[in-house]
Amino acid sequence: MIPYVNFVEPIKDDVAKRLMNLCSELWNQQKPTRIVVLFSSPGGLINPGVSLYNFFQAFPCEIIMHNIGNIDSSAVIVFLSGNRRLASPSSSFLMHGITWNYGSGAFRTREQLEEDISRLKEDEARIAKILASKTKLTTEEVMTLLRQGEAKSAEYALDKGIIDAIEEPIIPREAQILHL
């Protein structure tokens, strides 16, 4: 039986841990040949996104990612971890530059700001490297997308190798459906 995991969450540390735990439990209990992740996310934090990407890259069974809505920001990195990537016809993808939230009343020294800029540049380079390695996009095209911040259609994603096919999701009657 192929498990279907419904994931409609932002990318945050606690959410990433819960998703990794859920998939690990599925593996330990069932040893499925494949897990289908019905995925939609407004994005979120870079570090848990990269951690999820690396986790799924190492996972011992096939991971199918299916965009069932919007895949935005750091969620694009998680989505690209799938061995097979699909998108519903009405779905979209949004890639944009990195933002940093200091919160209200935050104070930073010049050195701390330089450290922050260094982290932003490194995170942007990591994102560009993953996108360029998993799609038909060049690093230059990725950097342009990050600066534009435009939503892209499933057709665009298919043309650029972000997805393998445009398909409506179909959950078999006998499937195990889990929600994070």
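Let's start with the largest pocket, which holds about 390 Å³ of space. A pocket here is an open set of points on a 1 Å grid over the protein atoms alone, where a 1.4 Å probe fits, with protein on both sides within 12 Å along at least five of seven lines. The volume is the space filled by probe spheres set on those points, which are joined across faces, edges and corners.

Before we go on, please remember that this is a predicted model, where local features need pLDDT of at least 70 and side-chain atom pairs count only at pLDDT 80 or more, while totals for chains, interfaces and linings use all residues. Residues are numbered from 1 along each chain as its sequence is written, and side-chain values use heavy atoms, with hydrogens and water left out.

So, who lines the pocket? There are 22 lining residues, and G44, L45, I46, I98 and T99 are the closest to its centre; lining means having an atom within 4 Å of a point. Helices α2, α3 (75-79) and α4 (110-134) each give at least two residues, and α4 gives the largest share, five. Helices are DSSP runs of H or I, at least four residues, numbered from the N terminus. By class, the lining has twelve nonpolar, eight polar and two charged residues. Nonpolar covers Ala, Val, Leu, Ile, Met, Phe, Trp, Tyr, Cys and Pro, charged covers Asp, Glu, Lys and Arg, and the others, Gly among them, are polar.

Now follow α2 to α4. Their axes are 11 Å apart, at an angle of about 35 degrees. An axis is a line fitted to C-alpha atoms, for helices over the stretch in contact, and angles run from 0 to 180 degrees between N-to-C directions. The crossing is left-handed, that is, the near helix is turned anticlockwise from the far one by less than a right angle; clockwise would be right-handed. In α2, I46, N47, V50, Y53 and Q57 meet D123, R126, I127, I130, S133 and K134 of α4, where contact means heavy atoms within 4.5 Å.

What about α1 (residues 13-30) and α2 (residues 46-58)? Their axes come within 9 Å and cross at roughly 15 degrees, which makes α1 roughly parallel to α2, the word for angles under 35 degrees. This crossing is right-handed. Among the residues in contact are L19 and M20 of α1 and F55 and F56 of α2.

Last stop: α4 and α5 (residues 139-148), whose axes come within 9 Å and cross at roughly 125 degrees.

Terms used
Angles under 35 degrees count as roughly parallel, over 145 as roughly antiparallel, 65 to 115 as roughly perpendicular and the rest as oblique.
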